[in-house]
Amino acid sequence: MSSGEAGNSKGSQPGAAALSRRAILQIASGAASLVAVPGAVAQSAVPNATATVVDGPIHFRVNGESKQLEFDTRQSLLDVLRETLDLTGTKKGCNTGACGACTILVDGKRIVSCLTLAAMHEGADIQTIEGVAKDGELNPLQEAFIEHDGLQCGFCTPGQIMSGLGCIAEGHAGSTDEIRFWMSGNICRCGAYPGIVAAVSDAAGRA
């Protein structure tokens, strides 16, 4: 090979390298499109999921009122309370049962409503935060929360109050340590725990 040919060969290398980079970018772009398109096609090809409706209405009492409802059997009690009955005081926090924001009372016992299916509660007596005050009068625990600054942002407060009511009814409010233990499933990201414990202790003393 002559020196001129060698020079031409060397000179052609940058162009080949540039072409290679463009090719790589084009290939990568094409691959991304191929990945995206089948997903979109599959999405459009799959029909909307058909709701599995309860075979006949489910009856339960919510805050003293009889309810007869039909809904998707896959719905949690939390979602039925919030979306069907518009009782939005019960909060959806983690939706995995870890934070306690959705705590309610079912047949007098506290549960996290995000982890139970509404269809499982035929005939149950359900109480949410909306049913705690009576005839326009706050419950003693609600009053104690205000007096002891047991709330800051307020997001966890409904679940805290419902859990506190359950805690008192269960006889687990004899001391601050006992209250802390039995209320430990309710998380307050604002850190209002001293006020919450004081409020539960105060309300238990009034009961």
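In this predicted model, helix α4 (residues 157-169) and helix α6 (residues 193-206) have axes that come within 10 Å and cross at roughly 40 degrees. The axes are lines fitted to C-alpha atoms over the stretch in contact, with angles from 0 to 180 degrees between N-to-C directions. Because of this angle, α4 is oblique to α6; oblique covers what is left once angles under 35 degrees (roughly parallel), over 145 (roughly antiparallel) and 65 to 115 (roughly perpendicular) are set aside. The crossing of α4 past α6 is right-handed, meaning that the near helix is turned clockwise from the far one by less than a right angle.

| Helix | Residues in the contact |
|---|---|
| α4 | Gln 160, Gly 164, Ile 168 |
| α6 | Ile 196, Val 200, Ala 203, Ala 204 |

By class, five of these residues are nonpolar, two are polar and none is charged; Gly counts as polar in this scheme.

The chain has six helices and five strands, in the order α-β-β-α-β-β-β-α-α-α-α. Helices (H or I, at least four residues) and strands (E, at least two) are DSSP runs, numbered from the N terminus. Of its 207 residues, 34% are buried, that is, under 20% relative accessible area with a 1.4 Å probe, counting protein chains only.

Numbering starts from 1 along each chain as its sequence is written. Local features need pLDDT of at least 70, side-chain atom pairs count only at pLDDT 80 or more, totals for chains, interfaces and linings use all residues, and side-chain values use heavy atoms, leaving out hydrogens and water.

Terms used: Buried < 20%, exposed > 50% of the residue type's maximum accessible area, 1.4 Å probe, protein only. Contact = heavy atoms within 4.5 Å.
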